[in-house]
Amino acid sequence: MNISERKKLVSEYLCKLSGQQDLGDSINIFETGLVNSLATIQLISFLEKNFKIKVEIDDLDNANFSSIQAVCHFLDKKVVANV
């Protein structure tokens, strides 16, 4: 899966979680109150399942999951580490 496909999948899932039609790449979903802690757990589970990664304890930083851009950057690092 290439970078643009990953971004599209992440964007669609975060829109679904937040109930929004469209999210800008850098909108902070925590600061805006668009998602709660349960949604964050769902997001992590989605990422592990769909991108075949393991989110470790050290990865559990809001900065890694706060926006589409942040999630994609996190995935880029995890995918490269798994190659």
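Before reading an angle, I note what it means: axes are lines fitted to C-alpha atoms, and angles run from 0 to 180 degrees between N-to-C directions. I also note that this is a predicted model.

**Entry 1: the helix pair**

I looked up helix α1, residues 3-18, and helix α2, residues 37-51. They pack at an angle of about 155 degrees. Their axes are 11 Å apart. Angles over 145 degrees count as roughly antiparallel, so α1 is roughly antiparallel to α2. I noted the handedness too: the crossing is right-handed.

Next I asked which residues of α1 meet α2. From α1 I listed R6, L9, V10, Y13, L14 and L17. Across from them, α2 supplies A39, Q42, L43, F46, L47, N50 and F51. I sorted the residues of this contact by type: 10 are nonpolar, 2 polar and 1 charged.

**Entry 2: L47**

I picked L47 from the α2 side. Is L47 buried or exposed? It is buried, because its relative accessibility is 0%. I set aside neighbours within four places in sequence and looked up its contacts. They are V10, K52, I53, F65, V71 and L75. I then checked one of these pairs along the chain: L47 and V71 are 24 residues apart. Their C-alpha atoms are separated by 9.0 Å.

**Entry 3: R6**

I went back to α1 for R6. Its relative accessible area is 9%, so R6 is buried. Not counting residues up to four places away in sequence, R6 touches M1, F51, L75, D76 and V79.

R6 forms a salt bridge with D76, and the closest N and O atoms are 2.8 Å apart. The two sit in distant parts of the chain, 70 residues apart: R6 in α1, D76 in helix α4 (residues 68-82). D76 is partly exposed, with a relative accessible area of 25%.

**Entry 4: other salt bridges**

How many salt bridges are there? I count 5.

D25 pairs with K7, with the closest N and O atoms 2.5 Å apart. D25 lies in the loop between α1 and α2 and K7 in α1, so this pair ties together parts 18 residues apart in sequence. D25 is partly exposed at 33% relative accessible area. K7 is partly exposed as well, at 35%.

K54 forms a salt bridge with E48. Here the closest N and O atoms are 3.8 Å apart. E48 counts as partly exposed, at 23% relative accessibility.

Notes: Residues are numbered from 1 along each chain as its sequence is written. This is a predicted model: local features need pLDDT of at least 70, side-chain atom pairs count only at pLDDT 80 or more; totals for chains, interfaces and linings use all residues. Side-chain values use heavy atoms; hydrogens and water are left out. Helices (H or I, at least four residues) and strands (E, at least two) are DSSP runs, numbered from the N terminus. Angles under 35 degrees count as roughly parallel, over 145 as roughly antiparallel, 65 to 115 as roughly perpendicular and the rest as oblique. A crossing is left-handed if the near helix is turned anticlockwise from the far one by less than a right angle, and right-handed if clockwise. Contact means heavy atoms within 4.5 Å. Ala, Val, Leu, Ile, Met, Phe, Trp, Tyr, Cys and Pro count as nonpolar, Asp, Glu, Lys and Arg as charged, and the others, Gly among them, as polar. Buried means under 20% relative accessible area, exposed over 50%, partly exposed in between (1.4 Å probe, protein chains only). A salt bridge is a side-chain nitrogen of Lys or Arg within 4 Å of a carboxyl oxygen of Asp or Glu.
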